[in-house]
Amino acid sequence: MATKRLGVGMIGGGFVGKFHIRSWVAVRDADILGVVSRPDDNTAEEAVALIRQLGVGQAKVYESVADMIADPAIHALWICAPNFVRIEIMEEIADAIEGGKGELIGVACEKPLGRNAAEARRMLELVEKVGLLDGYLENQLFAPAIVRGKELLWSRGAALTGPPYLARAAEEHSGPHMPWFWQGELQGGGVLNDMMCHSVEVARFLLTAPGAARDTLTPVKVSAHTSCLKWQQPHYADRLAANSGGKTDYRKRPAEDFARALVEYRDSDGNERVVEATTSWCFVGAGLRLSMEMLGPEYSLSVNTLDAGPKVFFSREVKGDAGEDIVEKQNAEMGLMPVVSDEGAEYGYIGEDRHMVQSFLAGTRPSENFSDGVAVTELLMTAYMSADQEKTIPFPPPDLATFVPAVAKGEWRP
Ligand SMILES: NC(=O)c1ccc[n+]([C@@H]2O[C@H](COP(=O)([O-])OP(=O)(O)OC[C@H]3O[C@@H](n4cnc5c(N)ncnc54)[C@H](O)[C@@H]3O)[C@@H](O)[C@H]2O)c1
């Protein structure tokens, strides 16, 4: 491209949009120049104020996605809006490009790529149709602990004693911040869809040799279990209802708040490789806990984001406001608390945003792209099938392309 700087437009300036904005202080060669959000909240204005305060772009609020695309200063879009508007946003992008608007090179989209395999495939079809470069925003693959841990285990342990055979990943917290995440129809599922997209992908990434394509590992079987352990208890169901003006009804339409899955892969020599993923919205600890492990014949890696290093202590006399200033999804403000000093860096947002920017500027497809987003969604849908049928499902199951989990139809009755 003619310019050496990328102008970025953000669609959605909510929770994760602001994570990207805060991370941008460490991203070079790109400025955030615009934000589009829903007209009935003030997240676009808040995001623009944060962008300007941090000096990461002379951003302004645009009225619509099409208006933002029409501005030739915008070269790439970051889709950070909720799951239930993915397709309409991507269709608006494709229509604008087909109508000859703008100078877009690429689009990066937050996880999950779609609420089911059909939606994820549609996202991929649309970027291919209009010739955009595509990035799938899976931050955990870019977390320094994962990047460095993978590099060391493969270069020292695997090179001398053989490749790793088991990777475990867990993502756990006490529940999402916005009501739409809790509603199966809007979000696409419960915690399995919301958070296992991270865990299955980061574990698959650890087991894949550095630089090797994802198809060097072939998924062959999936088994999974889902439960609603906490949030359909009447006291907690009532709390969800109160927080959502009655829209979230876990007495009648719960979603899973606990899920585990085992994905069995074969490598190119036919050897078994196993991914074990666990996720929950009913974990109570200091805050968000990401744990990952990789095991091989003579080596292992373990990561726990709550073993962060710094810790602070507040006595019972410190009765401040509840907040998320110590760690994401914080549960307490008193006692001994771990501090994740730079969440944008440690969770991988800086690395992922830098990679997307550099790929778009170079005109190359990001290493994590919509094809990966489709593959992740297909594994998650197979996990839902397994949990529903209480059996192991050979991959790929025949009805994958059209499958919609019962929880996404408001029909799951655990
Ligand atoms: N990578 C991660 O770890 C991570 C963490 C949180 C959320 N996410 C993903 O990011 C996405 C957004 O989640 P969030 O937590 O920021 O949600 P949120 O509800 O906090 O914010 C959503 C934002 O999207 C805007 N929006 C809603 N509908 C829109 C539309 N039609 N057009 C333009 N903007 C619209 C809202 O105004 C708001 O600014 C979700 O897909 C979620 O799964 C990823």
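How many residues surround the ligand, and which are the closest? In this predicted model, the views below take up that question and then turn to a helix and a sheet.

**View 1. The shell around the ligand.** The ligand is surrounded by 22 residues, and the closest of them are Gly 12, Gly 14, Phe 15, Ser 37 and Thr 43. By residue type, the shell around the ligand is made up of 10 nonpolar, 8 polar and 4 charged residues, and helix 1 supplies its largest share, 3 residues.

**View 2. The buried face of helix 1.** Within helix 1, which spans residues 15-23, Gly 17, His 20, Ile 21 and Ser 23 are buried. Viewed down the helix axis, the buried residues of helix 1 fall within an arc of 165°, and they therefore line one face of the helix. Among the elements that cover these buried residues are strand 1 (6-11), strand 2 (30-36), helix 2 (43-54) and helix 12 (349-362).

View 3. Seven strands, in the order 12-11-7-10-9-8-15, form an open sheet whose pairing is mixed. Strand 12 (299-304) and strand 15 (393-394) stand at the edges with a single partner strand each, so one side of each has no neighbour in the sheet.

**View 4. Strands 7 and 10, with helix 9 packed on the sheet.** Strand 7 (residues 166-172) pairs with strand 10 (residues 272-280) in the parallel sense over 7 bridges, and Arg 168 has Glu 276 in strand 10 as its bridge partner. Helix 9 (residues 191-207) packs on the sheet, where it touches strands including strand 7 and strand 10, and its direction makes about 150° with that of strand 10.

How values were computed. Residues numbered from 1 in each chain as written. Predicted model: local features only at pLDDT ≥ 70, side-chain atom pairs only at ≥ 80, totals over all residues. Pairing = 2+ DSSP bridges. Helix = DSSP H or I, 4+ residues; strand = E, 2+ residues; numbered from the N terminus. Contact = placed C-beta atoms within 7 Å. Axes fitted to C-alpha atoms, helices over the stretch in contact; angles between N-to-C directions. Buried ≥ 20, exposed ≤ 12 C-beta atoms within 10 Å, placed from the backbone. Arc of directions from axis to C-beta. Near = placed C-beta within 6 Å. Nonpolar A, V, L, I, M, F, W, Y, C, P; charged D, E, K, R; others polar.
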